[in-house]
Amino acid sequence: MFSLILNQNENRYTMNGLKNRITCLMMLGAAFTTSAAFASEGVEVDHLGVNNTLVRITGDGRYLLLPVQESNDEAKVDVLVDGKIDKTINVRLAKSKVDYLVPFDLAPYKDHSVLLNIITTQDRSNIREVKEDACWSNLTLSDTFDTANKEYYRPVYHHTPQYGWMNDPNGMFYKDGEWHLYYQWNPYGSKWQNMTWGHSSSKDLVNWEHHPMVIEANGLGAVFSGSSVVDKENTAGFGKDAVISLYTSAGRSQVQSLAHSEDNGQTFTIYPGNPIITLESEARDPNMFWDEANKQWVLSLAHALDHEMLFFTSHDLKEWTLQSSFGKGIGAQDGVWECPDLFKLKIDGTGEEKWVLVCNINPGGPFGGSATQYFVGDFDGKTFKADTDATGKIATKWMDYGKDHYATVSWSDAPDNRRTLIGWMSNWQYAAEVPTLQFRSSNTLPREAALFKGDDGQIYMSSAPSPELLKLRGKLTLNVSNKSVGRKAREFALPSSNGGVCEILLDVECKKGETVDIKFANKAGESVTMKYDSSKNTLSFDRRHSGIVDFSQDFPAVTVAPTFDNGNSVSLRIFIDKASMEVFGNDGKFVMTNLVFPTMPYSIISVAAEGHKARIDNLKIYSIN
Ligand code: FRU
């Protein structure tokens, strides 16, 4: 055994010109063990102490597959290229078992020497223990990696990263027929870390294509959320129609950085003059738009710990002037303010326009954890002023009444004056614990925002499913109209194809003051119950028995939405994917997005009326293509 190690070492030491050391080792003979061990072909592992290991790449292969164990602590990996640190990543390298492998791309380093200097933090009594770690023998060079998406809870029709952790969607823009979606991505594991901008694009908001990551950490820090615009008039000087992105560089402090793309967002160049905005306190998630009325760029920035949004203006996207702030003491204040978005919308049925300020907040959402609040008001190019209600107060309004809708922002430059938004379909309370492994989290379905006047005279924002989603509809598996229901539930089968994913339309009407239960159940005894309450004008969603719920005490929950209709009926459009249910009510006047993890698909929808007879109509169920 010893001689084998020594022979292989000889190669390596010779390669490094350290022949003397070999001679020395040979003289010491069997009484001396070297620190080296070997992984697979082309990967040399050299343990230097209980918390430090070197991994040298000597073979060929596009990727080095890094074995990850989620429950293990993070190791700090300095990637040395020709002796210089190129980047540092944090990876939960496997100790007792390998949960999955993540690819580390070696393509940029072809024909260079690559050495990983790995620092671990675990307590070890001796090197023998370190050598037993599962990661070392599983480090593998490969030209491919697993993209099979085999996991049970991988959505069928929601956007997810190909692998690894994802949180906020950000930097989205539409150009030349394509919707570009960037997202907070950890390419080296399925928990939050190593933030970069991952990239996907779509021609129809339904089918997504994955692209290589576009912006990764540099000396200023990790790459947090931001936004992009198409610079049609070349105001920044990077060329007409260049894509300009602003993002937060999060190192020891948070500062705002600029990058631009001359190839429609496929690759970005980091601006050498970064950072372009610095403040004395934590601020992040720059979100900008062109303000045509005032011929200027406007930027909203989350002054996170101060629970307010800051507004800046600029003429060249590089130099920004602070104009005002909004939020101190207003709306939900129980968490940090993050990911702002500011845009103008028409009020349905009138020619009037109003501004909407989206303020994501974490925690402090209506059902715990993260959620998206918004304010309706006016913006004069410098200052945002929220509308007050009849009592003179500024009401807290929520974009979605589920637990799994966060970091929602819109696409810039969307066609036909559309305001299309997408959220992260999870909640910071348990996002890292949900029962998936190779990937974590998906986006919500894209939604179209509009304004409507509520019965209380206030203006609210509706979010209806984007029209492109009609394309998902497959076979109409059920079409039922005008049926009465009583206490005994009427049951209907849900489609079983494609893992049971489907879209359901349903109108429910009952005597004013009564309630109707809509239940989704499977053969494992798991269920989701929605209750329409016509006296409170609410729809609730109970996921306490929906399937796997015990990974976090914050997951089992009942969420409740106002129906924005004082009558005695509600009209629902429900999208079920492998691990989520999105309920759009009354044409998007309210939405509830909740994750669910049933151990088998829900196979039955049943409707029962607690009081007298209720009526269901327009019940249509479509399988999903
Ligand atoms: C919101 C957020 C942002 C930040 C990003 C970091 O979920 O906290 O404020 O930019 O996530 O990943």
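In which loop is Pro363 found? Pro363 is located in the loop between strand S23 (353–362) and strand S24 (371–379); strands here are DSSP runs of E with at least two residues, numbered from the N terminus. The structure is a predicted model, in which local features need pLDDT of at least 70, side-chain atom pairs count only at pLDDT 80 or more, and totals for chains, interfaces and linings use all residues. Residues are numbered from 1 along each chain as its sequence is written, and side-chain values use heavy atoms, with hydrogens and water left out.

View 1. Asn362 and Pro363 are joined by a cis peptide bond with omega of about -15°. The bond from Asn274 to Pro275 is also cis, with omega near 0°. Pro275 is found in the loop between strand S17 (269–270) and S18.

**View 2. An open sheet of four strands.** The sheet has the strand order S18-S19-S20-S21, and its pairing is antiparallel; two strands pair if DSSP finds at least two bridges between them. Strand S18 (284–291) and strand S21 (321–326) are the edge strands, each pairing on one side only. From one strand to the next, the twist averages 25°; axes are lines fitted to C-alpha atoms, and angles run from 0 to 180 degrees between N-to-C directions. Strand S19 (residues 296–303) and strand S20 (residues 308–314) are joined by seven bridges. Within this pairing, Leu299 has Phe312 of S20 as its bridge partner.

View 3. Asp285, placed in strand S18, has a phi near 65°, a positive value in a residue other than glycine. Asp285 counts as buried, at 5% relative accessibility; buried means under 20% relative accessible area, exposed over 50% and partly exposed in between, with a 1.4 Å probe and protein chains only. Asp241 also has a positive phi, of about 70°, although it is not a glycine. Asp241 lies in the loop between S14 and strand S15 (242–250) and counts as partly exposed at 30% relative accessibility. The side chain of Asp241 meets that of Lys240 in a salt bridge (3.7 Å, N to O), a term for a side-chain nitrogen of Lys or Arg within 4 Å of a carboxyl oxygen of Asp or Glu. Lys240 is exposed, with a relative accessible area of 60%.

View 4. Side chains of opposite charge can pair when their charged atoms come close. A search of the whole structure finds 35 salt bridges. One of them joins the side chains of Lys87 and Glu216 (3.1 Å, N to O). Lys87 belongs to strand S6 (residues 84–91) and Glu216 to the loop between strand S13 (208–215) and strand S14 (222–231), so the pair ties together parts that are 129 residues apart in sequence. Lys87 is buried at 16% relative accessible area, whereas Glu216 is partly exposed at 33%. Another salt bridge brings together the side chains of Asp204 and Lys471 (2.5 Å, N to O). Asp204 lies in the loop between strand S12 (196–202) and S13, and Lys471 in the loop between strand S31 (459–465) and strand S32 (473–480), so this pair links parts that are 267 residues apart in sequence. Asp204 counts as buried, with 11% relative accessibility.

**View 5. Aromatic pairs.** The structure holds 37 aromatic pairs; rings of Phe, Tyr and Trp (its six-membered ring) pair if their centres lie within 6.5 Å, and planes under 30 degrees apart count as stacked, over 60 as edge-to-face and the rest as tilted. Tyr182 and Trp197 form a tilted pair, 5.5 Å centre to centre with 35° between the planes. Tyr182 lies in strand S11 (residues 178–186) and Trp197 in strand S12, so the pair ties together parts that are 15 residues apart in sequence. Both Tyr182 and Trp197 are buried. The rings of Tyr430 and Phe551 have centres 6.2 Å apart and planes at 80°, so the pair is edge-to-face.
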